[in-house]
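Visitor: I am new to this structure and would like to learn how to read it. Please take me through some features one by one.

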Amino acid sequence: MTRSNDEVAARLSEMAELLSIGGGDPYRVRAYEKAARAVESYPLEVDELDARALDEIPAVGSHIAAKILQLASTGHLDELDELRAQVPAGLRSLLGVPGLGPKRARQIYDELHVTSLPELAEAVRAEQLRHLKGWGDKSEAHLGEVLRQYREAAGRMQLATALALAEELLGELASVPGVERATYAGSLRRRCETIGDIDLLVAAVDPVPVMDAFAACRLVAEVGARGSTKSVATTTTGVQVDLRVIPPEVFGAALVYFTGSKAHGIHLRRIAQRRGFKLSEYGLERVADGSVLASATEEQIYAALGLSYVPPPLREDTGEIEAAANGELPELVEVVDLRGDLHTHTTLSDGLATLEEMVAAARSRRYRYLGITDHAPLLAMQRVTAEKVLDQRRAVEALRRPDLELLHGSELNIQPDGSLDWDDDFLSGFDVLVASVHSAFQMSRDDMTKRLIRAVEHPSVNILGHPTGRSLGHRPAIECDWEAVFDAAARSGTALEVNSFPDRLDLPGELARLAQQHGAVLAISSDAHATRHLDHVALGAATAQRGWVRPDSVINTWPIGRLRRFLRKEWHP
Ligand code: DGT
Ligand code: CA
Ligand code: CA
Ligand code: ZN
C-alpha cells in the first residue's frame, strides 16, 4: 500500500485548516478542502504526475497543482511551513473539537487564553464561555457535552492514521546502518481501533545513529526527551512517538513487553512466577540461577512459558492465554483470505469512481467477486431512482466476465420501524443487499432492537451494514440488544458487516466476537467510495482478528458457489 496521496491530502487539509484559522479567504479554504478530498481518493499516485496530469484531477487547478509538485519534489510546502509557524500549537489543538470552527476556536484562544483541551474543559466548568460574544449558557453546555464525548477519543488517533505514520518512520529507520529490525509495538501492533501514542522498537547494537536518524526524520517536528536508548518525539501532526533501541539478543522479550497489553503482560508474568521464572523486557530467566531461558524471539518466550504463540490482536487478557495454554487459539481470518468485497459504491450514488473503474480495481486486486451496492432512494441527497438502478444492472450485465463475478446490489436504509426502500418484489431482483441505519440513531434500546431484527429478517437482506453506526470520535454506537440481533441474524442467514472504513471499524472487535459466538456469520467490507478505499479491508480484517474471527465465519472468504447459495438464503446453519 503506497501512501503518497494520503500524505499530500493531509498537507492540503492542513493548509485549509490553517488558512481558515488565520481568517483567510473562505474561497481559498474551500478550494484546499475540496482538492484534499479529490487527491485522497484519486486512483493514480499524485506524486508521479506532471503539472498537466495533475490539472486533470477534479477540484485541482493550476495553483494547487503547483503546490503538489513542490511537495512531491521537495517534501515541503513553503506556504504551509510559514502558516505552521504563525499558528500556535495550542490553538490548533482546539480545532479538533467537533463543531468548534476556526472562528470560535480563535475567539476562545484569544480571549480566554485557553491552549489545550483540559483547559477548555476547565473553562466550560468555570462557566467562562457563556460570557463571550455569541455564546450563552446553552451553547456552553452543549460544548461541555461534546467535550465529554470527545474526551474518550481526544488525543487518540485512528488506527489508519497511526499505521501510515509508523510505516513512514520505520521506512527511514530501517535503512540506518546497523539496524537489524524495526517494527511498531503497543496498541498499534495489537490493531486497537484508536491509538494513544506510537511505540517503535529497533534492534541495533549502537543506539546513537538510530536516534540521530529518528531526530532527522521528515515527519519528526521535535525530540522532547532523549535518553541513552529511548527517544520521545512529536511529529509534524502533533503525534507522540516513543522510540526504543534494543540489543538484538533481547529483541523478542522487548517486543512482548512493549506490545502489551498491560493486562496480557501481567498475566504472562504471573505464569512465569508460578514456574519459578522471571519475565522482563530483557528476557525470561530462571530465578534460582539467573540463567536466561528465552529472549531473542517472541516465539521462544511463549514456548518457554508453555504457551502457543499469541497473535498481537488477541493480547488483551480476554481468554487468549488460557486458550494458548490448551492449544486452542483460533485460526484467525487474514486479509489474504478475502475473495471479494460485498459493499462498494460508484458514481451512481456518492462514490467517486465509475462502475468500470471499480470493476477494474477489483480485478487488479485479483478478487473473484465484487458486490456493487450504491445507496437506495430513501437517502434522499443521493437522488437515486429505480430507473437508474435498473440501468446500472444492465451495465453490470455487460461487464460480466468469468474471472470476476459481479453481484448487483444496493445499500438500503433501515427506517425507524425497520422497513426498507422499495417493495419486496423489487428487492428480490438484487444479487446482494446491505441494509444500514443512516438516520434516527437515537431510539430506545427496545425499539432499536426491534428495528434491526425486522431488517435482518427480511427475506432479501443479506448483510446488516455498519451495525452500530458509530463514527470514531464523533458519534457513539447505537443502543441495542446485540445478542438478540445476532441470534436473529444467525437464524435468518443474514451476515453482520465488519465495515473497514477507518472512522467506522464496525462491528468493533468485541461485538464481532459475540456475533460469532452466537453462530452468526460476518462480511468484511470496504464500503469503498473510491478505488483506493478497497485497501481498507486490511483494517477490517485486523478488527475481525481482535474479535477472534475465523476465516470460515466470513462469507467473503467463501468460494462464489457457496456465497451465492448463502445470498439466495439456500443456507442452513
Ligand atoms: P495507547 O498508546 O494508549 O494506545 O496504548 P499502548 O498499549 O500502546 O500503551 P503504552 O504506549 O502506554 O505502552 C506500550 C506498551 O508498553 C503497553 O501495551 C505495555 C507496556 N507498558 C507500558 N507501561 C507499562 C506498565 O506500567 N506496566 C506494564 N506491565 N506494561 C507497560
Ligand atoms: Ca502506545
Ligand atoms: Ca508509549
Ligand atoms: Zn452506509
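**Reading the ligand site and the aromatic pairs**

Guide: An oxygen atom of ligand 1 is 2.9 Å from an N or O atom in the side chain of Asp 197. Keep in mind that this is a predicted model.

Visitor: Which other polar atoms lie close to an oxygen atom of ligand 1?

Guide: A polar backbone atom of Gly 196 is 2.8 Å from an oxygen atom of ligand 1, and a polar side-chain atom of Asp 199 is 3.0 Å from one. Ligand 1 exposes 600 Å² when taken alone, and the protein buries 69% of that.

Visitor: How many residues surround ligand 1, and how do they divide into nonpolar, polar and charged?

Guide: There are 15 residues around ligand 1, with Arg 156 and Arg 269 among the closest. The shell holds three nonpolar, six polar and six charged residues. Helix H13 gives the largest share, three residues. Domain 2 (157–246) and domain 3 (251–325) each supply at least three.

Visitor: How is a pair of aromatic rings described?

Guide: One gives the distance of the centres and the angle of the planes. The whole structure has seven aromatic pairs.

Visitor: Is Phe 258 buried or exposed?

Guide: Phe 258 counts as buried because its relative accessibility is 18%, under the 20% cut-off. Tyr 257, at 38%, counts as partly exposed.

Visitor: Which residues form an aromatic cluster?

Guide: Trp 422, Phe 426 and Phe 430 form one.

Notes. Residues are numbered from 1 along each chain as its sequence is written. Chains are lettered from A and ligands numbered from 1 in the order in which they are written. This is a predicted model: local features need pLDDT of at least 70, side-chain atom pairs count only at pLDDT 80 or more; totals for chains, interfaces and linings use all residues. Side-chain values use heavy atoms; hydrogens and water are left out. A residue is near a molecule or strand if one of its heavy atoms lies within 4 Å of it. A polar contact is a pair of N or O atoms within 3.5 Å; within protein, one must be able to donate a hydrogen and the other to accept it, and residues adjacent in sequence count only if both atoms are side-chain atoms. Accessible areas come from the Shrake-Rupley method with a 1.4 Å probe; for residues, only the protein chains shown count as cover. Helices (H or I, at least four residues) and strands (E, at least two) are DSSP runs, numbered from the N terminus. Ala, Val, Leu, Ile, Met, Phe, Trp, Tyr, Cys and Pro count as nonpolar, Asp, Glu, Lys and Arg as charged, and the others, Gly among them, as polar. Domain bounds come from an automatic or database domain assignment. Rings of Phe, Tyr and Trp (its six-membered ring) pair if their centres lie within 6.5 Å; planes under 30 degrees apart count as stacked, over 60 as edge-to-face and the rest as tilted. Buried means under 20% relative accessible area, exposed over 50%, partly exposed in between (1.4 Å probe, protein chains only).
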